[in-house]
Amino acid sequence: MLPDTHHKMKRIIRYSLLITGLSVACSAGSQNPEYHNSGHMKYNDLTPQEEKVLLHKATDRPFTGDYYLKNDKGIYICRRCNAPLYRSEDKFEAHCGWPSFDDEIPGAVKRVPDADGMRTEILCANCGGHLGHVFTGEGFTGKNTRHCVNTSSIRFIPADSVQYAPAPITAK
Ligand SMILES: [Zn+2]
């Protein structure tokens, strides 16, 4: 083999290696998995007290918080997931120190037997957050029902701002 031909061969090999390398790099780039939004949404951040109540079933001290005396027109949404839970029309003064409602927004509240074996616990049907307890047969209102709800579990949305209320969060 002539020295000149040998040199050309080496050059061809070097170029083809370079081209192969480039095409591998390009295809590797195009094969990167695209980032898809999985639709996963995060619940609202909670204060330590809200977390204690909503996630660990603690109870707000009675006669505390902004809502037990509140009379304004509007709705009450879940503080964790924004699901609408109660209407001000169903709120009444039970003099117990917690916000009280004699009805819920249909389908919004789940009832389960409390771990104490006596009471009925109420949960947000959307996120499972602890709301409080429901009692019947006390005769406060015609509906004979009292949802005794922790202020830490709910957030009031005034009637004129309901259209701007945050959308319910459905976490996976
Ligand atoms: Zn919720």
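What percentage of the 172 residues in the protein chain is buried? A few notes on this below.

1. Buried residues make up 26% of the 172 in the protein chain, where buried means that 20 or more other C-beta atoms, placed from the backbone, lie within 10 Å of the residue's own. Please keep in mind that this is a predicted model: local features need pLDDT of at least 70, side-chain atom pairs count only at pLDDT 80 or more, and totals for chains, interfaces and linings use all residues. Numbering starts from 1 along each chain as its sequence is written.

2. On confidence, pLDDT (the predictor's confidence in each residue, from 0 to 100) averages 85 over the protein chain, and 76% of the residues score at least 70. Residues 16–38 stay under 50, and the model gives them zero contacts beyond four places in sequence; a contact needs C-beta atoms, placed from the backbone, within 7 Å. Where pLDDT is low, the predicted coordinates should not be read in detail.

3. The protein chain has two helices and nine strands, taken as DSSP runs (H or I, at least four residues, for helices; E, at least two, for strands) and numbered from the N terminus. Along the sequence they follow α-α-β-β-β-β-β-β-β-β-β.

4. Three strands form an open antiparallel sheet in the order β2-β1-β9, with pairing requiring at least two DSSP bridges. Because β2 (84–87) and β9 (154–158) each have a single partner strand, one side of each lacks a neighbour in the sheet.

5. Strand β1 (residues 74–78) pairs with β9 over five antiparallel bridges. Here I77 stands opposite R155 of β9.

Technical notes:
A residue is buried if 20 or more other C-beta atoms lie within 10 Å of its own, exposed if 12 or fewer, and partly exposed in between; C-beta atoms are placed from the backbone. Two residues are in contact if their C-beta atoms, placed from the backbone, lie within 7 Å.
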